[in-house]
Each structure stands twice: as structure tokens, then as C-alpha cells.
Amino acid sequence: MSIAAALPRPRVRANKRRIVPAGRLALGIAFLVAWQLGTNALGVEWLPGPVDTVVRIWDMTLSGQLEYNTVITFWEAAVGMALGGAAGALFPFILRLSPRLMAALDPFISAAFGMPKLALAPLFILWFGIGIPAKIIFVASIVFFLMFYYGLAGIMSIDPKLVSMLRVAGASEWFISREIVWNTTKPFLFAGLKIALPRALSGAVVGEFIAADAGLGWYIENALNQNDTTGVIAGAVIVTVLVIAVNAALKRVQTRSLSWRPMSRDMTM
């Protein structure tokens with residue numbers, strides 16, 4: 001068999017690329033159908049249907065509530081992610097320079113990671129009030145450890161023999177950090193971001209559940225207190241759409257940033 005015959009044909013590749021979007025569309029339709037069937041079985045008071053939810057989101061858009069509350073929640077999540085995520089990603093690089101310091105801090109970092117952040121949320125509210133700063137710090141405390149442990153896993157995966165060989169060859173510490181440590185750790189950091197970004201949004205919403213005067217979490221909590229199940233579902237749908245949009249943007253950045261790594265085409269769809 002010739003090499004040309006063994007290669008996949010363009011039409012076959014195009015068909016494979018259509019399978020994933022078609023599968024996603026089918027799953028989406030199946031979910032909406034199941035949702036409507038659940039509404040028919042339980043009643044609108046218990047589970048509002050997709051049409052009622054879309055109408056409520058449209059009403060929120062017209063009144064300005066959607067934009068106002070979404071911007072506040074997104075700002076809390078973005079700033080908390082930037083502060084906590086950057087610190088968590090940078091800390092393993094600092095500890096790498098001192099293995100003894102890393103070993104000394106390990107039990108304390110593990111203890112801090114295991115501490116339930118939700119239990120500390122009331123303290124954040126007490127210290128920083130019910131405004132945006134308390135939610136930012138709450139989000140930062142969540143994403144810091146996620147990014148730290150993913151970054152640490154990337155650094156620990158580096159072959160020490162390779163680093164030793166580069167040092168013997170005369171490579172500077174800056175060159176090793178930039179070319180070896182950073183490039184090896186980058187895929188791990190992107191994996192951490194895929195988990196930390198949704199956690200940042202959910203952390204902001206949870207912080208607003210506890211005490212807030214604006215935001216999507218506040219809107220959901222306020223609707224729950226008024227037995228407005230449509231408002232609760234609408235708020236949850238908006239948060240879900242935000243998570244999907246953020247993940248899609250992250251996937252584009254990851255594809256461009258890691259374009260030098262050989263990856264399956266199916267994995268990048």
C-alpha cells in the first residue's frame with residue numbers, strides 16, 4: 001500500500017471535525033428536552049422551563065440587572081483570579097530555588113489548603129465588609145492553592161539530570177528557568193487554570209450568597225428568599241454561560257501558547 005493511500009483523506013478529516021460539534025448540539029438538545037420534561041413532571045413552581053428562564057434573562061437584560069450584576073461578579077472573580085492565581089503560580093518557582101524551604105513549608109501549605117475556605121468567608125466579611133474586596137480575597141484564597149499545586153507538579157516533573165547537564169554545559173540559572181522550567185510547567189499551569197477559573201466564578205457567587213448587595217450570587221439568593229425559582233434558575237444559567245465562555249477563551253489561549261507541543265487534532269477541537 002502506498003503512503004498516499006495510507007494518509008487520511010481530506011473528506012474523512014472534515015467528517016471527523018463535524019462529529020464533535022454535531023455531538024455537542026445533540027447533547028444540548030437532549031438536555032433541553034429533559035429539562036422541559038422535568039418541568040412538565042414537577043411543575044413550573046418547582047422547576048421553571050427553558051422558555052420561562054430565557055424570558056426572565058431577557059427581562060433582566062432590558063432592566064439592566066443582567067449587565068450590572070454580571071459585571072460585578074465577573075470583576076470579583078477576575079481580580080481574585082489575577083491576584084491569587086499569579087501568586088500561586090509564582091510561588092513554586094521561588095520555592096524551587098530553596099528545596100529546604102520547600103520542605104519546611106510543605107506541612108503548613110498542606111494545612112492551609114485543607115482548611116475549609118467557606119468557613120473563613122464570614123471572617124472575610126467581618127474584616128473587609130460586604131463589598132467587593134471581601135469577595136476578591138475569598139476568590140484569591142481559593143485559586144491560590146490550585147495554581148500552586150499544579151505549578152509545583154510541573155516543577156517536580158522536571159528531570160534533575162537534565163538541569164544538571166545544562167549547568168555543567170554552562171547554562172545560566174535564568175536560561176534554565178526560562179527554557180526548561182517555564183516550558184515544562186506551562187502545560188500544568190494551563191491545566192490548573194481550567195479548574196481555577198470556574199472555581200473563581202463559583203467562589204465569587206458563593207461569597208455573594210453570604211453577604212452582598214449586588215452580583216449574580218446576590219440575585220440568586222434574593223430570588224431564593226422570595227421563592228422565585230425562575231430567578232434562581234436564570235441566575236444559575238447565566239453563571240454557567242460565563243464559565244463556558246471563559247473556558248472557550250482559555251482554550252484558544254492555550255492552543256496558541258502551546259502550539260510548539262505536538263497534540264492530537266481531536267484534543268484541540
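1. Is the crossing of H9 and H11 left-handed or right-handed? In this predicted model, the crossing of these two helices, H9 and H11, is right-handed. Their axes come within 10 Å and cross at roughly 165°, and because angles over 145 degrees count as roughly antiparallel, H9 is described as roughly antiparallel to H11.

2. The residues that form this contact can be listed from either side. H9 contributes Lys186, Phe190, Leu193, Lys194, Leu197, Pro198, Leu201 and Val205, and these meet Val239, Leu242, Val243, Val246, Asn247, Leu250, Val253, Gln254 and Ser257 in H11. Sorted by class, the contact of H9 with H11 has twelve nonpolar residues, together with three polar and two charged ones.

3. The crossing of H4 and H11 is right-handed, and the contact is made by Leu66, Thr70 and Phe74 on the H4 side and by Ile238, Leu242 and Val246 on the H11 side. Of the residues in this contact of H4 with H11, five are nonpolar and one is polar, while no charged residue takes part.

4. Turning to H11 itself, the helix has 29 residues and reaches 42 Å from its first C-alpha to its last, which is close to the 42 Å expected at 1.5 Å a residue. Its buried residues are Thr230, Gly231, Ala234, Gly235, Ile238, Val239, Leu242, Val243, Val246, Leu250 and Gln254. What covers the buried residues of H11 includes helix H3 (50-63) and H4, as well as helix H9 (173-210) and helix H10 (216-225). Leu242 and Val246, both listed among the buried residues of H11, take part in the contact with H4 and are also found in the contact with H9.

5. If its neighbours within four places in sequence are left aside, Thr39 is in contact with Val44, Leu47, Pro48 and Gly49.

Technical notes. Residues are numbered from 1 along each chain as its sequence is written. This is a predicted model: local features need pLDDT of at least 70, side-chain atom pairs count only at pLDDT 80 or more; totals for chains, interfaces and linings use all residues. Side-chain values use heavy atoms; hydrogens and water are left out. A crossing is left-handed if the near helix is turned anticlockwise from the far one by less than a right angle, and right-handed if clockwise. Helices (H or I, at least four residues) and strands (E, at least two) are DSSP runs, numbered from the N terminus. Contact means heavy atoms within 4.5 Å. Ala, Val, Leu, Ile, Met, Phe, Trp, Tyr, Cys and Pro count as nonpolar, Asp, Glu, Lys and Arg as charged, and the others, Gly among them, as polar. The expected span of a helix is 1.5 Å times one less than its number of residues. Buried means under 20% relative accessible area, exposed over 50%, partly exposed in between (1.4 Å probe, protein chains only). Axes are lines fitted to C-alpha atoms, for helices over the stretch in contact, and angles run from 0 to 180 degrees between N-to-C directions. Angles under 35 degrees count as roughly parallel, over 145 as roughly antiparallel, 65 to 115 as roughly perpendicular and the rest as oblique.
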